[in-house]
Amino acid sequence: MKRMFIAKNIGFCFGVKRAVETAEKLLEEIPQLYTIGDIVHNPLVIERLKKKGLIICSSVKDVKGDYFLVRSHGLPKKELEELKKNNKKIFDMTCPFVKKIHHYVENFIKRGYHIIIIGNKTHPEVLGIKSCGEKIDVLEDKVDFEKIKSKRLKKVVVIGQTTLNFNDYLQVVKDIVKKIDVKEILVINTICKVTEEREKESMEIAKRVDAVFVLGSKESSNTRKLYETCRKFCSNTFYVENFLDLCKINLNKFKNIGIVSGTSTPNFFINDVIEYFRKKKYEEVK
Ligand code: SF4
């Protein structure tokens, strides 16, 4: 018998679902809705929304219409202020977990702390967090680490990008505590539970199957991390961004398979993939 293990934590996370559903609802009432950057890192979803009237811009100056949606990653403060100044009607779908980080940063800066964000410098979520104050550094690599070390800081708060792997975050935190000489370090666990749970579940699935199919876009940072995690435990780990990817894979060697997804992968695609495997005689293990 061929078996398929489907992750329980699959499809859109709460923050992405909220942003996509709001966009869909708004587009039933208004002809055009503007946003900066993709609402969700998934070309299948973006194509659908574009057909309904979503217009994706790369900067504030390109936003010509009246209605604007802030995606779940958030938006740098300056851009938000500029949009408000231009009288745009703003629907702020910044994920509450990301908003919480903004509040931490603003409050701790007021109390005289310097902020270190562990994460990817160019990621929109990090850019939004960084815009919350002046005394903030992003720590992505060794060069950043040395720069921060040379600053002679007194009080530091460490936070992380929500999609980081917990153990990687912990490792960098340990390095900071060990090698950076400051009077006080506060560490906040800002990693989103949703992504943490997916990582754990994906790891368990990867350990027991012959192949894992990671559904989602390579542009999505949490999908990339799931792929890397699964690959550590199962060498036959495949990215599946679309049906073409799936059809190219020779399934003959695989008796037990696993299906996992990033937080920006839509249910309609997941269901189609499951149906494909059912037709190939894989039975779902409950
Ligand atoms: S992954 Fe977590 S923090 Fe990011 S949008 Fe989803 S729920 Fe929010």
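These legends describe close-up views of a predicted model. Local features need pLDDT of at least 70 and side-chain atom pairs count only at pLDDT 80 or more, while totals for chains, interfaces and linings use all residues. Residues are numbered from 1 along each chain as its sequence is written.

**View A. The shell around the ligand.** The ligand is surrounded by 13 residues, and the closest are Cys-13, Gly-15, Cys-95, Phe-97 and Cys-192. A residue is near a molecule or strand if its C-beta atom, placed from the backbone, lies within 6 Å of it. At least two shell residues each come from helix H1 (14-29), helix H4 (96-110) and helix H8 (193-208). H1 gives the most, with 3 residues. Helices (H or I, at least four residues) and strands (E, at least two) are DSSP runs, numbered from the N terminus. By class, the shell has 8 nonpolar, 5 polar and no charged residues. Ala, Val, Leu, Ile, Met, Phe, Trp, Tyr, Cys and Pro count as nonpolar, Asp, Glu, Lys and Arg as charged, and the others, Gly among them, as polar.

**View B. Strands S2 and S3.** In strand S2 (residues 33-36), Leu-33 and Thr-35 point one way, Tyr-34 and Ile-36 point the other way, and all are buried. Buried means 20 or more other C-beta atoms within 10 Å of the residue's own, exposed means 12 or fewer, and partly exposed is in between, with C-beta atoms placed from the backbone. S2 and strand S3 (residues 54-57) run parallel and are joined by 4 bridges; two strands pair if DSSP finds at least two bridges between them. Leu-33 is opposite Leu-54 in S3. From S2 the chain passes through helix H2 (residues 43-52) to S3 in a right-handed β-α-β crossover. Right-handed means that, with the strands pointing away from the viewer, the path from the first strand over the helix to the second runs clockwise.

**View C. Strands S6 and S7, with Ile-136.** Strand S6 (residues 114-118) pairs with S7 in the parallel sense over 4 bridges, and Ile-118 is opposite Leu-139 in S7. The chain goes from S6 through helix H5 (residues 124-130) to S7, and this β-α-β crossover is right-handed. Ile-136 lies in S7 (residues 136-139). Ile-136 is partly exposed because 18 other C-beta atoms lie within 10 Å. Apart from neighbours within four places in sequence, Ile-136 is in contact with Val-105, Ile-115, Ile-117 and Lys-130; contact means that the C-beta atoms of two residues, placed from the backbone, lie within 7 Å. Ile-136 and Gly-15 are 25 Å apart, C-alpha to C-alpha, and 121 residues apart in sequence.

View D. The protein is divided into domain 1 (2-11 + 194-284), domain 2 (14-94) and domain 3 (97-187), with bounds from an automatic or database domain assignment. The C-alpha centres of domain 2 and domain 3 are 28 Å apart. In domain 2, 10 residues are in contact with 9 residues of domain 3. The side of domain 2 that touches domain 3 has 2 nonpolar, 6 polar and 2 charged residues.

**View E. Two loop residues with positive phi.** Asn-87, in the loop between helix H3 (77-85) and strand S5 (89-92), has a phi near 60 degrees, a positive value in a residue other than glycine. Asn-87 is exposed, with 8 other C-beta atoms within 10 Å. Lys-281, in the loop between helix H11 (267-279) and strand S13 (282-284), has a positive phi of about 75 degrees although it is not a glycine. Lys-281 counts as exposed because it has 10 C-beta neighbours inside 10 Å.
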